[in-house]
Amino acid sequence: MRDTGGDQRRSVLLAFRSAVALHRLLDVLPVFEGDGRISRWFTLVPGSRFDLEALAALDRSGARVIDFEQATDRPFDLILTTSPKGALASLSGRARALLPHGAGFNKALYDEGSPELPSGLDPAFLLSDGAPWADLHGLGHAEQLSRLAEFCPPAATRAVVVGDPTLDRMLESDPRREAYRAALDLGDRTLLAVLSTWGPESLLVQRPEIPGELVFDLPVDRYRVALLVHPNEVGERSRLDLAEQFRPELRAGLLLPSPHQDWAAVLVAADAVITDHGSTALYAAALGRPVLNAYDGGRELIAGTPMARLLAAAPRFTGLETVRGLPPSTAAPGPATDAFDRPGQALGLLRAELYRLLDLTPPRQAVAAQPLPVPSVPRSAAPALAVRAEVDGQRVRVERFPAATDLPIHHLSAEHPVAGLAQVRSAAVLWRRPGSGRWTVSGWTTHVLAELPACLTAAAVLSADRVVLRHRHRGALTVQLAPSRSAGRIHHLDPPAAVSAVHAWLGTRPTPAPTLDRPVELDCVLAPFTARLTIRPALAEELDEEL
């Protein structure tokens with residue numbers, strides 16, 4: 001180490017080749033927090049076909065950037081990177097540190113480096129002129145150290161197990177799971193996260209139909225689906241192409257989180273994952289989330305690695321019945337303990353190692369993993385839903401699906417006038433919320449039934465617990481919704497679902513039906529709970545309310 005004398009300032013260059021490598025560096029960056037002696041610079045190492053997405057991610061970070069050619073012309077005190085590939089040897093650093101940019105080394109890439117060797121442990125990239133390029137290899141688990149010693153013994157002499165900073169952020173965030181789920185408007189729904197890595201063996205290449213099958217054929221009140229795509233795949237396809245490919249699913253409620261922090265927050269919020277061989281599933285397993293194996297095989301996954309063992313132990317995803325039979329998620333670590341060491345300690349251990357390389361005393365304040373921000377994921381509110389309804393006396397079971405489902409249905413329910421024209425014209429149930437101020441309840445319901453022959457029930461959703469509807473053959477009725485309580489939780493029924501239940505029940509009554517002269521109670525079974533509905537004739541003042 002050099003003698004610092006009175007000069008305590010140090011320059012750190014964070015070098016990356018792809019968005020996923022940059023994201024890992026941003027998770028590591030807090031090791032220097034609160035230290036004015038450190039100047040932080042970022043540079044894009046050329047040569048990766050994923051560099052455009054990396055540049056976009058860097059621009060969003062607000063970091064100080066230096067062109068790679070300029071970076072090669074000046075010395076830095078420390079070069080910190082999460083990929084050994086590219087022209088790193090042309091950078092000048094008094095010390096160099098290399099970290100993994102994912103959960104271990106589970107893949108072999110056959111189009112670069114040494115065939116069949118794990119990407120990230122290949123001596124072709126770890127050695128420069130026969131000697132280790134990095135002064136420090138910060139690894140996530142002792143298993144990684146053993147494999148590094150097997151494939152590149154010189155580099156293993158400079159390796160230290162420090163844990164995984166990304167996992168630590170997720171563990172720190174797990175107590176905030178309810179807040180993340182609220183931000184995603186999940187309620188009581190089961191969130192299924194579909195994970196796709198990048199390349200020819202990824203889920204999006206081998207089984208691209210899975211997100212659509214889940215979105216269109218699972219009840220929307222029981223399930224929500226998120227698609228988590230590897231940043232390399234996002235860069236390869238472009239965000240626009242990816243969104244356009246899944247536009248029908250997005251309209252039906254599919255969540256497509258960003259590949260930086262939102263994906264991790266969504267994974268914390270998830271109840272189960274469906275995955276290919278990408279190592280993101282190891283984070284889910286470490287959080288105790290059930291994992292379903294949707295990998296169709298190939299050459300990339302290395303036998304005996306933590307990811308291979310996880311997939312071997314995971315149930316095979318064979319269709320929707322597999323999802324319906326999932327066990328509940330737990331808070332206990334799953335079968336990924338051989339992928340992560342030192343939980344909760346990564347930043348502290350890394351700080352000690354990096355400040356040793358910088359020949360500086362670390363800041364006095366301890367450093368801890370920061371919780372993930374609440375996810376901000378665009379979601380389309382479905383203005384029309386296909387409804388299946390089964391009436392058994394005073395009990396109505398309702399299941400709702402995206403309007404584009406191919407499943408047989410009882411009726412279409414659409415929000416007026418938000419839904420598309422074809423949906424409005426064909427819906428048997430139309431509903432709207434107050435806001436326009438142009439109609440009374442009576443005026444709008446009468447107008448809709450007169451103008452749209454397919455509509456049998458027009459409903460004004462006046463509040464979370466009260467709906468006034470007009471049925472073409474049964475007159476004007478008020479529906480009161482009572483919340484359901486179970487296991488210390490309160491469940492609120494979506495008012496349009498209550499309208500569908502009443503619409504189906506009215507359709508089973510004899511013609512002509514006797515007038516309701518007293519309140520009637522129905523049980524509406526929706527998703528995992530049952531709500532009590534009370535139906536009575538609408539009052540004149542209710543029909544005159546502003547809509």
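Mentor: The backbone nitrogen of Leu167 lies 2.8 Å from a polar atom of the Asp164 side chain. This is a predicted model, in which local features need pLDDT of at least 70 and side-chain atom pairs count only at pLDDT 80 or more, while totals for chains, interfaces and linings use all residues. Residues are numbered from 1 along each chain as its sequence is written, and side-chain values use heavy atoms, with hydrogens and water left out.

Trainee: What makes the pair of Leu167 and Asp164 a polar contact?

Mentor: A polar contact is a pair of N or O atoms within 3.5 Å; within protein, one must be able to donate a hydrogen and the other to accept it, and residues adjacent in sequence count only if both atoms are side-chain atoms. The separation here is 2.8 Å, so the pair is within the limit. The side chain of Asp164 also has a polar atom 2.9 Å from the backbone nitrogen of Thr166.

Trainee: Why is Asp164 called buried?

Mentor: Its relative accessible area is 5%, and buried means under 20%, exposed over 50% and partly exposed in between (1.4 Å probe, protein chains only). Asp164 is therefore buried. Asp164 lies in the loop between β10 (159-161) and α7.

Trainee: Why is α7 called oblique to α14?

Mentor: Helix α7 (residues 165-173) and helix α14 (residues 262-269) pack at an angle of about 50°, with their axes 10 Å apart. Angles under 35 degrees count as roughly parallel, over 145 as roughly antiparallel, 65 to 115 as roughly perpendicular and the rest as oblique; α7 is therefore oblique to α14.

Trainee: Which residues make the contact between α7 and α14?

Mentor: Thr166, Met170 and Ser173 of α7 meet Trp263, Ala264, Leu267 and Val268 of α14, where contact means heavy atoms within 4.5 Å.

Key: Axes are lines fitted to C-alpha atoms, for helices over the stretch in contact, and angles run from 0 to 180 degrees between N-to-C directions. Helices (H or I, at least four residues) and strands (E, at least two) are DSSP runs, numbered from the N terminus.
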